[in-house]
Amino acid sequence: MDAAYKRVMDSGTYIMGSEVDHFEKEFAAYSNVSHCVGVGNGLDALTLLLRAYGIGAGDEVIVPSNTFIATWLAVSQCGAKPVPVEPDPVSHNMDPARIEKAITPRTRAIMPVHLYGQVADMDPIMEIAARFGLVVIEDAAQSQGALYKGRKAGGLGHAAGTSFYPGKNLGAMGDAGAVLTNDAEIAAKVRKLRNYGSTVKYEHTEAGYNTRLDELQAAFLREKLRVLDAWNQKRQLVAKKYTEALQGTGLTLPQGSPWGGDVWHLYVVVTAQRDALHQYLASRGIGTVIHYPKPPHLQGCYAEYSQTSLPVAEQLAGQVLSLPMSPDLTDAEVQEVIDSVKEFFARGE
Ligand SMILES: Cc1ncc(COP(=O)(O)O)c(C=O)c1O
């Protein structure tokens, strides 16, 4: 990382230089797609994609009810309407069996999220999209390196947006994101939109944004991309240890996808005693996080959805807890988490 930093300092180029060029090529190759366009963050990646597809006011986009709010915000920022679809209660990912009912004449796109590092069931989603003439934009923010039936997340739909927020499996040292696609025209549109709607300096054919991936972040990401698979394997080992040790404790454990290839961005357990467990672990110095305590439709910024009933997402929000997950957890730390969870349930609380 120090060498990457020095490369950028020595180059004197901080925006749109060779580090971004190289990273885009390297991450496209890693993801098995033809085009990667670096942008400022994951929310912008999704927003620019929707705009590149011409989605806007009067359009509807199908989104998961159970996701981080950015998935919805991207749709709203384009002037389109997010239409929520409930998750499968086992995978917590969008349930393909519920999508068709949500389609109307205004639907333009489906945005599945590969939540917690587990790819959504893309085959039925692509089949429905083909039948109804819809675009599929993957929200691949939590799934760098994840596989679906042997194929990489981010190359399964028509395009994908991803986030390199520091906590992600491939995390920068600040905000960063990217668009992935095999569609040259969409990639070119996103390239233009990220740079004030311009491809020729001081010529602006669209009212674009300033949301470019910067050189320093690209240089850091290039270094981390080299170890992404190794770090994902470490996450898989941690997940395996949790799953083996926590059977029968009273927690509902994540099943993992039937197609394998999960990269365990998060290890999310479900329990009716979530808040007590969260507090107990905190008292033992173990930090856990709730992803997410309130679904998008119940957020203040989506007051128009406040009467919408989405019981699966609402129940998950009350019961999910993410155990510590990181490639650099030591065996002793993993064991401490396991022992503490077991102690909590042994106390009968
Ligand atoms: C599922 C999902 N979508 C979108 C985003 C937005 O990414 P960013 O924070 O880089 O804007 C995130 C992460 O924060 C995310 O987890």
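This is a predicted model: local features need pLDDT of at least 70, side-chain atom pairs count only at pLDDT 80 or more; totals for chains, interfaces and linings use all residues.
The residues that come nearest are G42, D139, Q142, S163 and K168.

**Entry 1: the ligand**

I began with the side chains. I took Q142 to start. One of its polar side-chain atoms lies 2.9 Å from an oxygen atom of the ligand. I went on to S163. Here an N or O atom of the side chain is 2.7 Å from a ligand oxygen. Then I checked K168. A polar atom in the K168 side chain lies 3.2 Å from an oxygen atom of the ligand.

Next I looked up how much of the ligand is covered. Taken alone, the ligand exposes 390 Å², and the protein buries 90% of that.

I then sorted the shell around the ligand. I noted six nonpolar, five polar and two charged residues in the shell.

**Entry 2: T181**

I moved on to a strand. T181 is in β9, which covers residues 177-181. Is T181 buried or exposed? T181 counts as buried, because its relative accessibility is 1% and the cut-off for buried is under 20%. I looked for a partner of its side chain. A polar atom of the T181 side chain lies 3.0 Å from the backbone nitrogen of D183.

**Entry 3: E127**

Now a helix. I found E127 in α6, residues 122-132. Its relative accessibility is 40%. That value lies between the cut-offs of 20% and 50%, so E127 counts as partly exposed. Which side chain does the side chain of E127 make a polar contact with? The partner is R131, at 2.7 Å. I also checked a residue farther along the chain. E127 and P96 are 31 residues apart in sequence, and their C-alpha atoms are 10.0 Å apart in space.

**Entry 4: A97**

Last, I looked at a loop. A97 is in the loop between β3 (81-85) and α5 (99-102). I looked up its relative accessible area and found 64%. A97 is exposed, because exposed means over 50%. How many residues apart along the chain are A97 and I125? They are 28 residues apart, and 8.9 Å separates their C-alpha atoms.

Note on methods:
Residues are numbered from 1 along each chain as its sequence is written. Side-chain values use heavy atoms; hydrogens and water are left out. Helices (H or I, at least four residues) and strands (E, at least two) are DSSP runs, numbered from the N terminus. Buried means under 20% relative accessible area, exposed over 50%, partly exposed in between (1.4 Å probe, protein chains only). A residue is near a molecule or strand if one of its heavy atoms lies within 4 Å of it. A polar contact is a pair of N or O atoms within 3.5 Å; within protein, one must be able to donate a hydrogen and the other to accept it, and residues adjacent in sequence count only if both atoms are side-chain atoms. Accessible areas come from the Shrake-Rupley method with a 1.4 Å probe; for residues, only the protein chains shown count as cover. Ala, Val, Leu, Ile, Met, Phe, Trp, Tyr, Cys and Pro count as nonpolar, Asp, Glu, Lys and Arg as charged, and the others, Gly among them, as polar.
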